Amino acid sequence: MLDEQRRISAETAAKWRESMRTMRAMMTAGMTNEAAVSQTEANCRQVEASILDLDQQIRQVGNSLSILLGEVSGSIERGHFSGQDFPEELTVGVPL
């Protein structure tokens, strides 16, 4: 789940960088002001900072799983939710 959040955040950051270039060009052409450019840059930096936070969270979860499994911290192979098969019906109670 964190991997998917990071992927989406990376795509969002790329879009904000593109918007930042566009806003700077618009300011050069006199179509917008410095405040709008600054706001766009702030939004871009905020998304980029969230990517760093997600990277740290991914490492922390990996380290926690390694500790629980009694293994040396390292890279843990991760899958995707899209590749998971979940049962159609869930039963309640103690399995027999």
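Analyst: **The pocket lining and its helices**

Helix α2 gives the largest share of the lining of the largest pocket, five residues. The model is predicted: local features need pLDDT of at least 70 and side-chain atom pairs 80 or more, whereas totals for chains, interfaces and linings use all residues. Residues are numbered from 1 along each chain, and side-chain values use heavy atoms, without hydrogens or water.

Helix α1 (2–28) and α2 each supply at least two lining residues; helices are DSSP runs of H or I, at least four residues long. The lining holds 16 residues, and Met1, Leu2, Asp3, Arg78 and Gly79 are the ones nearest the pocket centre. (A pocket is an open set of points on a 1 Å grid where a 1.4 Å probe fits, with protein on both sides within 12 Å along at least five of seven lines; lining residues have an atom within 4 Å of a point.)

The whole structure has six salt bridges, each a Lys or Arg side-chain nitrogen within 4 Å of an Asp or Glu carboxyl oxygen.

One of them joins Arg6 to Asp55, with the closest N and O atoms 2.4 Å apart. This pair links distant parts of the chain, Arg6 in α1 and Asp55 in α2, 49 residues apart. Asp55 counts as buried because its relative accessible area is 19%, while Arg6, at 29%, is partly exposed (buried is under 20%, exposed over 50%, partly exposed in between, with a 1.4 Å probe and protein chains only).

In α1, Arg7 and Glu4 meet at 2.5 Å, N to O, and lie three residues apart, about one turn of the helix. Arg7 is partly exposed at 39% relative accessibility, and Glu4 is partly exposed at 39% too. Glu48 and Arg45 are three residues apart in α2, so about one helical turn separates them. Glu48 is partly exposed at 22%, and Arg45 is partly exposed at 44%.

Beyond the helices, Asp85 lies in the segment after α2. Asp85 counts as exposed because its relative accessibility is 76%. Between Asp85 and Arg7 there are 22 Å, C-alpha to C-alpha, and the two are 78 residues apart in sequence.
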